[in-house]
Amino acid sequence: MTQDLPQPGAVKAYPEPDAADVSELLLGWCGADAEDADDAVKALGALDDDARELADRLYQSIAADMGGKKWLSWPKVTEPHSLLGLYPLLAAVPDMLAYHRERGIDEDLSRKVLVDVGEKLRLNRRIYGRAGLDVANWFTGHVRGALYQLGRLQFCVEGPDPEPFVGMHIRGEGGPLTLDAVRDSTEWALEFFPAVFPERYDGPEELVFKCDSWLLDPQLRDWLPERSNIPGFGALFDLEGDGGPVGNRTDLWRFVFMRTEDTPVEELPQDNTLQRSVLAGIKADVPWRSRLGTLNLNRLGL
Ligand SMILES: CC(C)(COP(=O)(O)OP(=O)(O)OC[C@H]1O[C@@H](n2cnc3c(N)ncnc32)[C@H](O)[C@@H]1OP(=O)(O)O)[C@@H](O)C(=O)NCCC(=O)NCCS
């Protein structure tokens, strides 16, 4: 896949961030923890020529597709430099800001969307016990201007032309997933997308919202307590197809247990209701799956 990336400098000169840029962007814009920012500065100094060339090529892939949909497929870029993907993303922040300005998007929203970077650095440290950004390509949606944080939820321009849908995504940090929070976010998105992307969306009535997540598995209703927000969120969607692979190890180990995928079941943490419920299901051979669904706006009263 590396061979599919544009060559260094193919679109525009790579504004390679220096240590001061990395620190300022991570602490001032991305809400990163000081230890992640410090490690990112150290890791920058350890990049060899090949790694720096790859960072340039990754940046070119962003620059070549500003305003594009979804996120880009990148080759796995974490070995041996677990933070390699971070630098081209930080280099693209000024491009993102310029794109947002062109589209009339307030700087406050530019800041809000970047906070996800700090969160995923924290998640990586939790999963792997060290600094890293294992899904760096996810953030190509943010910096290319496809994805926005509107209240509790993230929304992304996705799906086929000429009528892309709006993908819904859920950060871990940001509070409980209450129906009020989901309604407020969705109301915002109904206004935002046709206003910001009039060439893609004719009006609120044209918008279709889709979500693909472990949170939509209806089996969760049988295992989580009444007070849990997750089944109520899942029930807002009309489900399609049979779902992802049985077991859904990738997502559950990452998002529920915050462990690497090779962690044996007997070593999974059981610190809260969700972990205990999902683990009880695993032990009872529940075929957990990720599910795809279309948001039913009526169920939100919209
Ligand atoms: C989506 C999310 C915000 C829902 O949180 P919520 O509204 O608190 O959910 P619930 O009300 O159903 O939580 C029930 C219980 O599970 C816990 N819980 C919720 N999400 C958890 C998570 N990701 N990891 C561990 N425990 C979690 C809560 O603390 C609560 O436990 P408690 O009763 O012992 O305090 C949360 O699951 C989360 O942060 N997920 C990670 C991000 C994610 O999965 N995104 C989707 C990717 S496809």
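Predicted model: local features only at pLDDT ≥ 70, side-chain atom pairs only at ≥ 80, totals over all residues.
A residue counts as buried if 20 or more other C-beta atoms lie within 10 Å of its own, as exposed if 12 or fewer do, and as partly exposed in between.

**Arg 103**

I started with Arg 103, which sits in the loop between α5 (93-102) and α6. I found 12 C-beta neighbours inside 10 Å, so Arg 103 counts as exposed. Leaving aside neighbours within four places in sequence, I get contacts from Arg 103 to Gly 145 and Val 196. Gly 145 is 42 residues away along the chain, yet the two C-alpha atoms are separated by 9.5 Å.

**Whole chain**

Next I zoomed out. I count 11 helices and 6 strands in the chain. The radius of gyration is 20 Å; a compact globule of 302 residues would come out near 19 Å, so the two agree. Along the principal axes, the C-alpha atoms fill a box of roughly 55 × 50 × 35 Å. Buried residues are 36% of the 302. I also looked at contacts between residues at least 6 apart in sequence: 71% of them join residues at least 24 apart.

**Domains**

The domain assignment gives me domain 1 (1-145) and domain 2 (148-302). Their C-alpha centres lie 25 Å apart. Across the boundary, 14 residues of domain 1 are in contact with 14 residues of domain 2. On the domain 1 side, helix α6 (residues 107-128) supplies the largest share, 9 residues. By class, that side of domain 1 splits into 6 nonpolar, 1 polar and 7 charged.

**Ligand shell**

Which residues come nearest to the ligand? Of the 18 around it, I listed Pro 176, Ser 228, Asn 229, Phe 255 and Leu 274. The elements giving two or more residues to this shell are α10 (249-256) and α11 (273-283). By class I have 10 nonpolar, 7 polar and 1 charged residues in the shell.

I checked omega for cis peptide bonds and wrote down two. The bond from Glu 79 to Pro 80 is cis, with omega near -5°. Pro 80 belongs to the loop between α3 (49-63) and α4 (86-91). The bond from Asp 161 to Pro 162 is cis as well, with omega near 5°, and Pro 162 is in the loop between β2 (153-158) and β3 (165-170).

Then I went through phi. Asn 248 is not a glycine but has a positive phi of about 45°. I located Asn 248 in the loop between β5 (237-240) and α10. Is Asn 248 buried or exposed? I find 22 C-beta neighbours inside 10 Å, so Asn 248 counts as buried.

Met 258 also has a positive phi, near 55°, in a residue other than glycine. Met 258 lies in the loop between α10 and α11. With 19 other C-beta atoms within 10 Å, Met 258 goes down as partly exposed, because the buried class takes 20 or more.

Technical notes. Residues numbered from 1 in each chain as written. Near = placed C-beta within 6 Å. Helix = DSSP H or I, 4+ residues; strand = E, 2+ residues; numbered from the N terminus. Nonpolar A, V, L, I, M, F, W, Y, C, P; charged D, E, K, R; others polar. Rg over C-alpha atoms; globule rule 2.2 N^0.38 Å. Contact = placed C-beta atoms within 7 Å. Domains from an automatic or database assignment.
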